[in-house]
Amino acid sequence: NNWMLLGVLRNKVVAKIKGGFSGLLRNLLRNFFFFGQTSNIQDVGFLVKTSDGSSVGPVFGKLGFFLGDDAAITASWSSKGASGNMSCLLCRNVCRLDSQLPTYDETGYLVDHAEGDSEKFDLHTDQSVWSCFDRLLGTPPARLAAMEIVYGMHGDLDSLLGDTELRPYVGLVSHTMFDFGHVFVINGLCQFEMVEFLARAKPFGITFPQSTTWFSAWPCPKSE
């Protein structure tokens, strides 16, 4: 795999940028789509100069997705993450477990993030995310902090969600991919499940070496 490094920026520098990391990402994307008349990589394309001085093109491209762990995705979209009631960026009705909101929902629409039946999840669309954000912008200042917790996102005009010109090219749902390694393995679901399993198996004399021997017999799929 080849990871193209665009740059390195210290957190204390990012904190001084309007919109934080989300604002930085917004400006980067604006350079791709709106900087000058010839730099819109999706609609206008660009020319590639060859070694003999001639040009090839135009070459077109479009945004695929943002790949990151929970912290990176939260920062990219300026969401509240686990500090908001709606802890899942991609869901309309999945609440933080300790919010206890589903307990008071007589319709049964709301579920908590420990819900195991994915059929109960009502997924966001790009349009529904923008609608929530736009409603936040119309919230009186005195209620904004509370409503940000309700919606699970910051009402920040300088963030990526606040750029209405980028909406035809960049959508939260269409362009977000969570990093499998971090979500499921490294400090993820699989790791926490294994910790809980070993804690409950220890009284029966089952320790990590025995578990390793047992799991080593499992066949794992290989990437092509």
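His-124 counts as buried because its relative accessibility is 12%, where buried means under 20% relative accessible area, exposed over 50% and partly exposed in between, with a 1.4 Å probe and protein chains only. The model is a predicted one, in which local features need pLDDT of at least 70 and side-chain atom pairs count only at pLDDT 80 or more, while totals for chains, interfaces and linings use all residues. Residues are numbered from 1 along each chain as its sequence is written, and side-chain values use heavy atoms, with hydrogens and water left out.

His-124 sits in the loop between strand S5 (111-112) and helix H4; helices (H or I, at least four residues) and strands (E, at least two) are DSSP runs numbered from the N terminus. Its side chain makes a polar contact of 2.7 Å with that of Ser-128, a polar contact being a pair of N or O atoms within 3.5 Å of which, within protein, one must be able to donate a hydrogen and the other to accept it, and residues adjacent in sequence count only if both atoms are side-chain atoms. Beyond the neighbours within four places in sequence, His-124 is in contact (heavy atoms within 4.5 Å) with Leu-89, Leu-90, Cys-91, Arg-92, Val-129, Cys-132 and Val-173.

Not counting residues up to four places away in sequence, Val-170 touches Leu-29, Phe-33, Leu-63, Phe-66, Trp-77, Trp-130, Leu-160 and His-175.

A further histidine, His-182, is found in helix H6 and counts as partly exposed because its relative accessibility is 33%. Apart from its neighbours within four places in sequence, His-182 is in contact with Asp-69, Asn-187 and Gly-188, and its C-alpha lies 8.4 Å from that of Gly-68, although His-182 and Gly-68 are 114 residues apart in sequence.

Helix H6 (180-185) also gives four residues, the largest share, to the lining of the second largest pocket.
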